[in-house]
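Hello,

Here is the structure I promised to pass on. My notes follow below it.

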There are 2 protein chains.
Amino acid sequence: MHRSIATVSLSGTLPEKLEAIAAAGFDGVEIFENDLLYYAGSPRDVRKMCADLGIAITLFQPFRDFEGCRRDRLQRNLDRAERKFDLMQELGTDLVLVCSNVAADSLGDEEILVDDLRLLGERAGARGLRIGYEALAWGRHVNTYQQVWNLVRQADHAAVGVILDSFHTLSLKGDPAAIAEIPGDKIFFVQMADAPILAMDVLEWSRHFRCFPGQGEFDLPGFLAPIIRTGYTGPLSLEIFNDGFRAAPPRANAVDGLRSLLYLEEKTRQLLATDAKAPNLDLLFDTPPASRYHGVEFLEFAVDEAAGAKLSGWLQRLGFAKAGEHRSKDVSLLRQGDINIVLNAEPYSFAHGFFEAHGPSLCATALKVKDGTTALQRALDYRGHPYRGLVGPNEREIPAMRAPDGSLIYLVDQAEAGQTIYDSDFKLDPAAAPAGSLQRIDHMALALPADSLDSWVLFYKSLLDFEADDEVVLPDPYGLVKSRALRSRCSSVRLPLNISENRNTAIAHALSSYRGSGVHHIAFSCEDIFKEVERAKEAGVPLLDIPLNYYDDLAARFDFDDEFLSELAYYNVLYDRDAQGGELFHVYTEAFEERFFFEIIQRKNGYVGYGAANVAVRLAAMAKARSGVTRQAKL
Amino acid sequence: MHRSIATVSLSGTLPEKLEAIAAAGFDGVEIFENDLLYYAGSPRDVRKMCADLGIAITLFQPFRDFEGCRRDRLQRNLDRAERKFDLMQELGTDLVLVCSNVAADSLGDEEILVDDLRLLGERAGARGLRIGYEALAWGRHVNTYQQVWNLVRQADHAAVGVILDSFHTLSLKGDPAAIAEIPGDKIFFVQMADAPILAMDVLEWSRHFRCFPGQGEFDLPGFLAPIIRTGYTGPLSLEIFNDGFRAAPPRANAVDGLRSLLYLEEKTRQLLATDAKAPNLDLLFDTPPASRYHGVEFLEFAVDEAAGAKLSGWLQRLGFAKAGEHRSKDVSLLRQGDINIVLNAEPYSFAHGFFEAHGPSLCATALKVKDGTTALQRALDYRGHPYRGLVGPNEREIPAMRAPDGSLIYLVDQAEAGQTIYDSDFKLDPAAAPAGSLQRIDHMALALPADSLDSWVLFYKSLLDFEADDEVVLPDPYGLVKSRALRSRCSSVRLPLNISENRNTAIAHALSSYRGSGVHHIAFSCEDIFKEVERAKEAGVPLLDIPLNYYDDLAARFDFDDEFLSELAYYNVLYDRDAQGGELFHVYTEAFEERFFFEIIQRKNGYVGYGAANVAVRLAAMAKARSGVTRQAKL
């Protein structure tokens, strides 16, 4: 499809916006009138700039409060239109968006509305221009696409057509099915916007909370599918009013915008795949389906010698065995259950650069996939950045790409025993035996800068076809924290993403110590929490102290006997129970170098969450640990 | 009144909160259960801490989902209550807040609700404790205070009373009048919270957007007045769920909280003053009424020699005359019309300290008042900070206080001609004659750090009895800017306050160059904008270039002839017209040292705004000026 974006979706001056739009690979741009107004060059200058950048001006917008205006204002409104038509001709675009009248004194008489649209269409048509009529969700008399099509149909003029905007329909819970009844050539333009579902005034919602397709909660493939069915082949354009986008760097945000359209096209193509009559499916973006994931193959930490020794010590106290050393590099492997952790202290490596920039930190995550080469191809189709490192003799080359924070995501094919990357790349110690019984990486929580959450969600949804859970808001003693969990479709890989909009929360501290985003904690699953924690405690793992008042409250909320409660409190084990009876037991370590920490977790009866009910007490305990105060010994 | 605040209103750990509450001068505190839960000490430790700090624990809260619970859960709920009663006795408080049940499966049968409340009251009463029942606005069956009182009346138990919360009533547009019918001794507790009027889900609104009385839009004196009429003399307590407060420094925020209660008491006292039967008025905060203001007496800029010479040059090009030098200090006076501007380069002065910290900047604003001594007393009653500087021989001492950014606000009595502070403190040049005809200071816009807006609004509303206009949101090319204008009641002093939540807006740039908040621009009024601007342009005042596209749009919107439009464009004059036909003409200078700028403004036909419609084009032009691009000469 022809892909377009409205200038209002990005921050910056008009030239900055246009350059970002072209660089991201869009075919066209909607010029939002205010962006032109505030620009010091002429409309012809803008036309030339777009031509030089290779992007078409797909639309000029908006033209407001025209149809059904008070009759004594009609002539004045037509004069206004003619001035804007002059401007469009200078710009070199033939289509203007006319949005439905919001004036309290505007007229709703159908005949008047039809006549006005036809009149404006005649004026436009006489100059080789076209008008597209769009229903604003808060229009005074016209606020659905059904009304718009009814009026456009009656106006019956070649220069008058329909403009569809997903937000205006889906925000009012409108059914897009009837779009399929509009002839494709009478749909002049299509605007796509997603949004989180918010119970608020629709105008405020629209002006501040729209987001790119895939970042919100609307069913956008369900909106686009009937449009494709009409035979429409015009632009798909993003018109996103978003407070965060208004301040975000325009180049990176434009790349997200293009990616969101590709994602929407892929999902729509899938939706229409079974419909033999659906036209033009080959115009929609196509890429190999995502891999099935079989969990995390390994995690790689960037360390130097000192940090490597310290982290290795922590992991061994957590029950890991030193399982081997890399054949040619300063890289060691620790293992327990299905968990593989690689500590990379190799100079002149990617990990070394990462260590220099961020200190001891997670520099790579390896996912177990069915076919790494195809999985990488999908990522590249989605404008991902591939990574190829130096490969030594006897080492395997693993397909890899960059995550948004610059760390690596490896895509590792599943291999037979004895043929794994560990067998090829490492000198393994056959005698290594872990002291603990941790089983798998349950989840990895990331700390991200505020406002980058949407970008990460889109990255994982599109390149890796992950799903995103709903956002939850959690209290830290020094501000609120937002969390949204990403999951592979089988839930074998889970990534809660956390942001803080305030400066003094635990998340914000982690970010500042990382100088960038980074893994915030890693949760290991087990089958017997008390056994694991007892072992860890004896081995000297520093567990995060939980206030006893927390256990008094558990006693009030649940029917536990005192002995069991004492055991929970003694081992600092947190507890949660969901509405279906699923149970969670989990315990946290203190922070490693104030950067990240570990969690030991036991899920029972199908508990699927992350213990959100216990995050506040954990954050308070961490704030306390940061301030250096220790728990009063009471047990 | 006994003044209290809930721990949830402030950020930090429980000890940090309690210390801030005591330091601000509150008498008591509501312990929000989660704050206790996350605290590592015992309830007895909290009791001791409060006793040591001299604050009473006025309430323990909340106890949820009790009355009308499913019958098979009643016993378990009573057990839960007994555990919390244990806790309250350890804490040393006798009152618990029971909020109305929100559970979907809870029962609404009146008889059951009454029985449950009586049962809980009997349990509490047997231990010398009391329960206060409060309607949550989103309660399943009970969501008004009228329902609460009806049930409490029927429960008819000494240990069962009513808790009122302004938010839960006013958010549902409830009428507080019927509160006056509740016996004062059956009202056990009163919570006060303000909020901006938002069209959104009431639970989200309550959890994130409450604010201190006077910072929002609720009629809180109208809510408190009927409570006072009942004879209630218990605590007035603040229970504020606010995302910003959760991250704000707790000490400064607690001071705002106390100030907001004093303000509410003053306004309620005024409301009840005409009611001869209203009891206990002497319990409400009292302070002298605010002065009438007669405009700005003078503005004082902190400069050094170089900045002073440069700023003096700018002002002279703007038509000011050098009117005199201070008798004993390195301070000069520039005058035009009713405008007095003082440039202070005196070493070892307050201004010098301000200059060292903030560079060339506004360090004091002098307001013309009727009685400066009384005005200062009012500010001190409101916990304002007085300022006394060094006074030389033949100099007048002017009552002064600190603004929230540390600058000074002088309160200058009006004086006869020849007896003014200029006559006493300055050697005036009788021959000085301004070249321009600027008349008055129309307004001064301030740039503030994000999240400090509410604090400033409360400062001006309480200490100086200013009024606040509604907040407006304005687009800068690099993010949104929020603005809220403060006015003295006669509008002779106007202060639009601006904040930016993003880092790259013009407001954010001004803040970073100030290292603190500061005046962002100063608008001078005139009677003939074209005459003033022509003079200023000839004198070499650098005017901010406005894009010609702006004037093309004016042409489309208004019925101007081309000659007039050309004149507007030639002089970079912006135009706005309000719904009542009021007109605004205004022009901006470029920024002085990237810090502040000046505006020349002409209001016609009673225009009362600040040209919000033109802020976006101004901000875009300023962003462009910052990036060093100059306008293409087209005229």
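One cut-off first: a residue is buried under 20% relative accessible area, exposed over 50%, and partly exposed in between. Please keep in mind that this is a predicted model.

Backbone, positive phi. A:Asn280 is not a glycine, yet its phi is positive, near 60 degrees. A:Asn280 lies in the loop between α10 (250–272) and β9 (293–302) of chain A. Its relative accessibility is 28%, so A:Asn280 counts as partly exposed. B:Asp451 also has a positive phi, about 80 degrees. The loop between β17 (440–448) and α15 (453–463) of chain B holds B:Asp451. At 56% relative accessibility, B:Asp451 counts as exposed.

Backbone, cis bonds. In chain A, the peptide bond from A:Gln61 to A:Pro62 is cis, with omega near -10 degrees. A:Pro62 sits in strand β3 (residues 56–63) of chain A. In chain B, B:Gln61 and B:Pro62 are joined by a cis peptide bond, with omega about -10 degrees. B:Pro62 sits in strand β3 (residues 56–63) of chain B.

Why flag these? Most residues other than glycine have a negative phi, and most peptide bonds are trans.

Between the chains. Helix α18 (residues 548–557) of chain A and helix α4 (residues 74–91) of chain B have axes that come within 8 Å and cross at roughly 155 degrees. Angles over 145 degrees count as roughly antiparallel, and α18(A) and α4(B) are therefore roughly antiparallel to each other. From α18(A), A:Asp553, A:Ala555, A:Ala556 and A:Arg557 meet B:Arg76, B:Arg80, B:Arg83 and B:Lys84 of α4(B). By class, this contact has 2 nonpolar, no polar and 6 charged residues.

Best wishes

Terms used:
Residues numbered from 1 in each chain as written. Chains lettered and ligands numbered in written order. Predicted model: local features only at pLDDT ≥ 70, side-chain atom pairs only at ≥ 80, totals over all residues. Heavy atoms only, no water. Axes fitted to C-alpha atoms, helices over the stretch in contact; angles between N-to-C directions. Helix = DSSP H or I, 4+ residues; strand = E, 2+ residues; numbered from the N terminus. Parallel < 35°, antiparallel > 145°, perpendicular 65-115°, else oblique. Contact = heavy atoms within 4.5 Å. Nonpolar A, V, L, I, M, F, W, Y, C, P; charged D, E, K, R; others polar. Buried < 20%, exposed > 50% of the residue type's maximum accessible area, 1.4 Å probe, protein only.
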